[in-house]
Amino acid sequence: MISVEQEYQGMVDAYEKAGGARSALLSTDAARLVIHRNKVLSANEVKGIRLETKETATGVNLYFLVEEGTRILHPVHLCFGILPKEGLQEIILKVNAQDNSEVHVIAHCLFPNAVKVIHKMDADIELGNNAKFDYKETHYHGEFGGIEVIPKAKVKVGKGGVWQSTFALSQGLVGKLDYDFEVFCQDRAVAELVVKVYGKGSDDIKVWEKIHLNGVGARGLAKSRLVLSDKAKAEVRGETYGNAPYARGHVDCIELVNGTEAVARAIPIVSVTNDKAKVTHEAAIGSIDRKQVETLMARGLDETEAVDVIVRGILR
Amino acid sequence: MLIVENLQLRLNGNSIIKDLSLHVNKGEIHGVLGENGTGKTTIAYLIMGVNNYKPTAGRILFEGQDIADLSVSQRAKRGITLAWQEPARVEGLSVRDYLKLSGNNFGIEQAKHYLRMVGMEPKQYLDRYIDNTLSGGERKRIELASVLAMRPKLAILDEPDSGIDIVALPLILNGIVEMNRQGSSVLLITHSEKMAEIAHRVSILCAGKIIRTGAAAETSLWFKDNCRTCLHINEPVEEDEKL
């Protein structure tokens, strides 16, 4: 039987391996939350931030409140994970960032030993007028590939609000990923969805980014960068809907295939229902650009080193 | 240092490089002057070994060793590098990291020094990515800074002046001269006789063949007087071949 202290120590170790700073989980100046499977191991609130949790049989329900006008100096750190080989974690997340608030959230999802693990997140996120929410989620998976990750979110952004999210999964095998984020923007609101994934082995990746530009002057960017090696396969859907005057949106998808057995698909959908809106897209699927590789080789890098630099760059 | 002997390249049944011979001496800036379509970039690619170009015949000797079968990396490790006419952009790779990739373990101050040598303010550029947010001219200057940072034995510069504005051009010229002072030999590929003036010697390329080699000033003048007004459209006449 593993004690809570051992679980916490294991999570902190995995967090550090994934690039997180150990001190961030110990600081009392920053809000934080560490959840292992369905147990809240550590929590800290700061003025203007409330993190209410309720443990369930399979995970944790989390209510995240950023109070009106709160501008958080230090990023909020969230840490989710399962350390054993098997397990299920369901996070039901409700976020309310009230008017004129501003917060930066750094989330780490840690599954270093996963052989048969499912991690689900269902998020319902609401940003008030002029609220700014910057959410960066980095995954650290082991080398077994036995994991299923299903992050789903619906985000409503109030007038003049800004939602920025980055989902990065480039360490370890992805396993099975089914990412589905949908954002609804009111007047002058901004949404930026960025997904960066490195698929290897027999990883199976589905990415679905949807942005509805429903307010006057709303702006959106759905960006994805995927690199696929071995027998990995990926399908990326980037959808942007311009439904209001002066709405501006862009879908930007690049998938690089390294090798002959990986498979990449991109399905950009751009739709406009207002004659003053404009939505554009670019999608490129192909092998790693030979000229880029040779440019780096001409500086003395071996071919594999050059490819590695290019892959790391695109996933940065 | 570099001896190219009777080099030939045929692509899709067309003769692109025809029995080309060229010597670049150690410590020399050697200009290759030619109009568009004469094969200047092809020579650069053949010497560096990029773009899957392999000579159909002939030899490329670097410091006495035939390098035609070496990979791009192996050639670079022997001290050859290339600055492309249109440098690649690499998303997510910062200018700082690109300069460090050159293989010399230098600190931030040296990276700044090389950027200043090509007229770029380090504070403005070090942390930028070499992606499509940089203009073609900016990218070219960064390419030159990276060659300076590498301190190669032989730098092949393919049209280093193209796309460079008139204010930055003297900095590029100074950068090339400084590169040479640092100890690099330079194969300076250009269509500009003005650019070729900084070379010690110049060879004139016409239709995949070197038709004349000599001192920079007089050879550049010959190029200006003959090649600029040439009517035989990239086909060297017998008289030229004898020169």
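This is a predicted model: local features need pLDDT of at least 70, side-chain atom pairs count only at pLDDT 80 or more; totals for chains, interfaces and linings use all residues.
## Close-up views of chains A and B

View 1. Across the interface of chain A and chain B, 13 residue pairs are found in polar contact, with both residues at pLDDT 80 or more. On the side of chain A that touches chain B, strand E15 (219-229), helix H2 (290-297) and helix H3 (303-314) each supply at least two residues, and the largest share, six residues, comes from H2(A). By residue type, that side of chain A divides into eight nonpolar, four polar and eight charged residues.

**View 2. The contact surface between chain A and chain B.** Here 20 residues of chain A are in contact with 31 residues of chain B. The area buried between the two chains is about 2,000 Å², and carbon and sulfur atoms give 53% of this area. Of the area that chain A buries against chain B, 35% is supplied by Lys291(A), Glu294(A) and Arg299(A), which is more than any other three residues supply.

**View 3. Nonpolar cores of the model.** The largest nonpolar core has 99 residues, among which Ile156(B) and Leu157(B) touch the most other members. Helix H6 (residues 136-150) of chain B gives the most to this core, contributing seven residues. When residues up to four places away in sequence are not counted, Ile156(B) touches Ala44(B), Ile47(B) and Met48(B), the run Ile80(B), Thr81(B), Leu82(B) and Ala83(B), and also Leu187(B) and Ile189(B). A second, separate core of 70 residues includes Val105(A), Val157(A), Val197(A) and Ala218(A).

View 4. Thr190(B) has its place in strand E8 (residues 185-190) of chain B. Thr190(B) counts as buried because its relative accessibility is 0%, the cut-off for that term being under 20%. A polar atom of the Thr190(B) side chain lies 2.9 Å from the backbone nitrogen of Ser192(B). With neighbours within four places in sequence left aside, the residues in contact with Thr190(B) are Val32(B), Leu33(B), Gly34(B) and Lys40(B), together with Glu159(B), Asp161(B), Met195(B) and Ala196(B).

Technical notes:
Residues are numbered from 1 along each chain as its sequence is written. Chains are lettered from A and ligands numbered from 1 in the order in which they are written. Side-chain values use heavy atoms; hydrogens and water are left out. Contact means heavy atoms within 4.5 Å. Buried area is the accessible area (1.4 Å probe) that two parts lose on being put together, summed over both. A polar contact is a pair of N or O atoms within 3.5 Å; within protein, one must be able to donate a hydrogen and the other to accept it, and residues adjacent in sequence count only if both atoms are side-chain atoms. Helices (H or I, at least four residues) and strands (E, at least two) are DSSP runs, numbered from the N terminus. Ala, Val, Leu, Ile, Met, Phe, Trp, Tyr, Cys and Pro count as nonpolar, Asp, Glu, Lys and Arg as charged, and the others, Gly among them, as polar. A nonpolar core is a set of buried Ala, Val, Leu, Ile, Met, Phe, Trp, Tyr and Cys residues joined through side-chain atoms within 4.5 Å. Buried means under 20% relative accessible area, exposed over 50%, partly exposed in between (1.4 Å probe, protein chains only).
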